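Me: I have a protein model open and want to learn how to read it. Can we go through some pockets and helix contacts together?

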Amino acid sequence: MVYTLSGVGFPTIQSSVNKSVGSGCFNVDPRTNLSLFLKNRSSSWKKLARRSDSESSSSTVAASDKIIVPGHESDGLSSSTEQLEVVQTILEDPQVSSDIVGSKMGNESEIEGEKSYIDSTGGYGEGGRGQDSASSLLLHEDGKVKGVAESDLEEMISSESEKVRKKTIPPPGIGQRIYEIDPLLRNFSGHLDYRYGQYKKMREAIDKFEGGLEAFSRGYEKFGFTRSATGITYREWAPGAKWATLIGDFNNWNPNADVMTRNEFGVWEIFLPNNADGSPPIPHGSRVKIRMDTPSGLKDSIPAWIKYAVQAPGEIPYDGIYYDPPEEEKYMFKHPRPKRPKSLRIYEAHVGMSSIEPIINTYANFRDEVLPRIKRLGYNAVQIMAIQEHSYYASFGYHVTNFFAPSSRCGTPDDLKSLIDKAHELGLIVLMDIVHSHASNNTLDGLNMFDGTDGCYFHSGSRGYHWMWDSRLFNYGHWEVTRYLLSNARWWLDEYKFDGFRFDGVTSMMYTHHGLQVEFTGNYNEYFGYATDVEAVVYLMLANDLIHGLFPEAITIGEDVSGMPTCCIPVQDGGVGFDYRLHMAIADKWIELLKKRDEDWRMGDIVHSLTNRRWLEKCVAYAESHDQALVGDKTIAFWLMDKDMYDFMALDRPSTPLIDRGIALHKMIRLITMGLGGEGYLNFMGNEFGHPEWIDFPRCDQRLPDGKVIPGNNCSFDKCRRRFDLGDADYLRYLGMQEFDQAMQHLEETYG
């Protein structure tokens, strides 16, 4: 059986259709899955000071913020007062004000609503990065490109991958600047220098044996299915297998038809020539698997590098799909990446649960209905969860089974590309919640026991198992695992045009105890000792090096609760290389306060918690994220207003003191968090208006081996959606909360 694909996308699910969920009790609504498959304005460029008569004559400008004006380079201004007077005079002249260039991290100018960027360093600009031609286009505030024909623009975008291939990632630096930034780190120079030495050894080995990080990170051009003019080559790393064959619809699942050969590195390979008529030997949409004779017996696995996987209606296992639509059906990107914003305002979203209706939403619906909402609310970035394929829907996308495949529940790969392109058209950058911290322990669909051993992609034994998450832990010190994960990061940036990542579970990666049952107090011994997983930290350094070297405008955010020093310092300076760290302590602080009486809130304590972050290491602040919205926890709105939200949010009836207090604090908590909490801000979808319901994925009753039964929720999608209609209703108080959040975002956009 061959699945035929249109390559265009899944049909839009109308809200009036199938509001109730069928009796199918796995983790996916089959109606939205295979059954369908079968048929800048940025902040002002310079903070400008204007003195009024009431201001002190002692106003000063820091030396690092000196303003250089074309034609006035050699004025030799002797004091900050003179500098301010000249700047004020020039700014009042509209002919020259637009020519002012600020020159600290790179020069910018704004002309008639357009944005341009000039890298004054000739190499590394802000954060140690350079600019490529695709990212230095003149952009309008709406993300449109000025003065470029549409056909030329499409060609420019399509050639981005070729330009990236020609880049050379700069060699490692000396990694010593961290000691200038924080002299206390010198007490741990033995650990930090060893860490940097291991990173340099990996870089040198990759340069020597693989031709550099750029070539090394294109593993998807060597492994998995690769198409050429004469046929298809399939390669798989499975060192534990004793025999392997490729099976699927294309050869009627005959295990003797396409037996593979193995090389000395445990890589299995087969070449399938084109058919006599020139057609590919594996039709687009065919189901494929690799069958191996392993130490655990015969095993059918989905190829590790598969680009698409689906679950047939009524079936539990997933099928790998050979996805290679004809050129005329492939989605072509039409819009360039927006310029990287100076301050991030992130809207965290989950495509599947983004519908008002109790269904699994599609990429197409999210593109058409949710992205315009995000833009209207004033956010400049959307962070999308659960992109990588995961067989268990209720894992929130964190138990990944197929790392190179976008979740088929929501549509095809081309549908996802269309979503990202639309976001770029709206001027939104798109971040992906990428999971490299662990993998699903699913042996049918994922990497676990891939070649019949527990140590193929993961550590063997207890070190390779996360007891709290019930998942497998990668062996970051293995060459092929490093290739796989680095290639995975590049794949999403290159093929799908994501603009960066939020790396999930970084704390779990960086410590052998995974941050479990450990309280981080800020003592440096907690960060730099035997509990640190140096191999994992070196992998993160390589990943950040790769991402920022090939995609200078890309953004990386680390989900680290420990607060490890150097986490957000550039790699060449000795740091781990993230641009931002999630300031996770803030959300915990608010929950702590919400459990106290009002009179026990202390402003000094609040301000300290919001501003307590490391110098030169940027943070993304948030009052609450998806974690607080899950069943078993409570959102801030629910902590504040509890059950009164169900009865007293209508404007045509009296409020209650609990509602009045709750709405006021809901607004103020967000305002002070955005104002003091970090260099970026994040909100989970729906929380901007105080979404009244928690998130509960469809769950069936679960019978444990000892006979006990964990009750489910009748596989209901009722609490696995977002009621955006409540925030839009002009007869409910939710609208006012949403409008406040919207005003807050636009305030930050205007004033920074």
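Reply: Start with an open space: the second largest pocket has a volume of about 1,600 Å³. A pocket is an open set of points on a 1 Å grid over the protein atoms alone, with protein on both sides within 12 Å along at least five of seven lines. Volume is the space filled by probe spheres set on the points, which are joined across faces, edges and corners. This is a predicted model, where local features need pLDDT of at least 70 and side-chain atom pairs count only at pLDDT 80 or more, while totals for chains, interfaces and linings use all residues. Residues are numbered from 1 along each chain as its sequence is written, and side-chain values use heavy atoms, leaving out hydrogens and water.

Me: Which residues are the closest to the centre of the second largest pocket?

Reply: Lining residues have an atom within 4 Å of a point. Here 48 residues line the pocket, and A394, S395, Y398, H399 and W469 are the closest to its centre. Helices α12 (506–510), α14 (584–594) and α16 (626–629) each give two or more residues to this lining. Helices are DSSP runs (H or I, at least four residues), numbered from the N terminus.

Me: How do the residues of that lining divide?

Reply: Ala, Val, Leu, Ile, Met, Phe, Trp, Tyr, Cys and Pro count as nonpolar, Asp, Glu, Lys and Arg as charged, and the others, Gly among them, as polar. This lining has 22 nonpolar, 17 polar and nine charged residues.

Me: What volume does the second largest cavity have?

Reply: In a cavity, a 1.4 Å probe fits but cannot get out. This one has a volume of about 60 Å³. Its lining includes H350, Y363, H390, R409 and C410. That lining divides into seven nonpolar, four polar and one charged.

Me: Now the helices. At what angle do α18 and α20 cross?

Reply: Axes are lines fitted to C-alpha atoms, for helices over the stretch in contact, and angles run from 0 to 180 degrees between N-to-C directions. The axes of α18 (residues 657–676) and α20 (residues 734–751) come within 10 Å and cross at roughly 15 degrees. Therefore α18 and α20 are roughly parallel to each other (under 35 degrees). Among the residues making the contact are I663 and L671 of α18 and F740 and M744 of α20. Contact means heavy atoms within 4.5 Å. By class, this contact has seven nonpolar, three polar and four charged residues.

Me: Which residues of α15 meet α18?

Reply: Helix α15 (residues 603–611) packs against α18 at about 50 degrees, with the axes 9 Å apart. M603, I606, V607, L610 and T611 of α15 meet I672, T673 and L676 of α18. This contact has six nonpolar, two polar and no charged residues.

Me: And which residues does α14 bring to α18?

Reply: I586, W590 and L594 of α14 meet I669, I672 and T673 of α18. Their axes come within 12 Å and cross at roughly 150 degrees. The contact of α14 with α18 has five nonpolar, one polar and no charged residues.

Key. Parallel < 35°, antiparallel > 145°, perpendicular 65-115°, else oblique.
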